[in-house]
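Please read the briefing below alongside the sequence and the coordinates.

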Amino acid sequence: MTPDEYVEAVLDLVERIPPGRVMSYGAVADALADRSGRTSARLVGAIMSRHGGSVPWHRVVNSAGRLPPGHEREARARLRAEGTPLRGERVDMAAAGWSPEEGM
DNA sequence: ACGTTGACCGGCG
DNA sequence: TCGCCGGCCAACG
């Protein structure tokens, strides 16, 4: 799996996250944990930062449910609009957390 | 080649 | 939960 393909895989998965649900960077990394062993949440964060513009990036938050630095406003507005369970300034991970298995 | 920098994470106090 | 720390790994200067 080349770096480019990995980026594709990340974006594809993010596109499958249903409205109102979210995944953490680490969860995305784990879900894509494959034979090549790449499971870096930090790498997923970097990818979203650079290529997130084309996918529902607001549905990916950190493990504490905190929104991406610098984009809190935009993310909150979108999440609120699609009914994502929120607890103050963050996402209620227990209630909104989603995994690929659920969507099949 | 090398140090620094992140849209990160789990462990510990 | 918060803060600090060490591990993580590609991108950048």
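Arg-21 sits in the loop between α1 and β1 (23–24), where helices (H or I, at least four residues) and strands (E, at least two) are DSSP runs numbered from the N terminus. This is a predicted model, in which local features need pLDDT of at least 70 and side-chain atom pairs count only at pLDDT 80 or more, while totals for chains, interfaces and linings use all residues. Residues are numbered from 1 along each chain as its sequence is written, and chains are lettered from A and ligands numbered from 1 in the order in which they are written.

**Arg-21 and its surroundings**

- Arg-21 counts as partly exposed because it has 19 C-beta neighbours inside 10 Å; the scale calls a residue buried if 20 or more other C-beta atoms lie within 10 Å of its own, exposed if 12 or fewer, and partly exposed in between, with C-beta atoms placed from the backbone.
- Leaving aside neighbours within four places in sequence, Arg-21 is in contact with Arg-59, Ala-96 and Trp-98, a contact being a pair of residues whose C-beta atoms, placed from the backbone, lie within 7 Å.
- From C-alpha to C-alpha, Arg-21 and Ser-54 are 18 Å apart in space, and they are 33 residues apart in sequence.

**Overall fold of chain A**

- Chain A has five helices and four strands, and along the sequence these follow the pattern α-β-α-α-β-α-β-β-α.
- The radius of gyration of chain A is 13 Å, close to the 13 Å that the globule rule gives for 104 residues, so chain A is as compact as a globular protein of that length; the radius is taken over C-alpha atoms, and the rule is 2.2 Å times the number of residues to the power 0.38.
- The C-alpha trace of chain A spans about 40 × 30 × 20 Å along its principal axes, and 23% of the 104 residues of the chain count as buried.
- Among contacts in chain A between residues at least 6 apart in sequence, 60% join residues at least 24 apart.

**The largest nonpolar core**

- Of the 19 residues in the largest nonpolar core, Val-22, Met-23, Val-28, Val-44 and Val-60 touch the most other members; such a core is a set of buried Ala, Val, Leu, Ile, Met, Phe, Trp, Tyr and Cys residues joined through C-beta atoms within 7 Å.
- The elements that give two or more residues to this core are α1 (3–16), α2, α3, β2 (60–61) and α4 (72–81), and the largest share, four residues, comes from α2.
- Val-28 is in contact with Val-10, Leu-13, Val-14, Met-23, Val-44 and Val-60, leaving aside its neighbours within four places in sequence.

**Two residues of helix α2**

- Tyr-25 lies in helix α2 and is buried, with 22 other C-beta atoms within 10 Å; leaving aside neighbours within four places in sequence, Tyr-25 is in contact with Ala-41, Val-44, Gly-45, Val-60 and Asn-62.
- Ala-31 also has its place in helix α2 but counts as partly exposed, with 18 C-beta neighbours inside 10 Å, and touches Leu-13, Ser-99 and Pro-100 when residues up to four places away in sequence are not counted.

- The buried residues of α3 are Val-44, Ile-47 and Met-48, and they lie on the same side of α3 because they cover an arc of only 100° around the axis, the arc being that of the directions from the helix axis to the C-beta atoms.
- An α-helix has 3.6 residues a turn, so residues three or four places apart point the same way.
- These buried residues of α3 pack against α1, α2 and β2, whereas the face turned away from the buried side carries the exposed residues Arg-42 and Arg-50.

- Of the 17 residues around DNA strand B, Gly-26, Ala-41, Gly-45, Asn-62 and Pro-68 come nearest, where a residue is near a molecule or strand if its C-beta atom, placed from the backbone, lies within 6 Å of it.
- The elements that give two or more residues to the surface near DNA strand B are α2 (25–31) and α3 (41–51), and α3 gives the most, with six residues.
- The residues of the surface near DNA strand B divide into eight nonpolar, eight polar and one charged; Ala, Val, Leu, Ile, Met, Phe, Trp, Tyr, Cys and Pro count as nonpolar, Asp, Glu, Lys and Arg as charged, and the others, Gly among them, as polar.
- Around DNA strand C the residues are Pro-3, Ser-40, Arg-42, Leu-43 and Ala-64, and by class this surface has three nonpolar, one polar and one charged residues.
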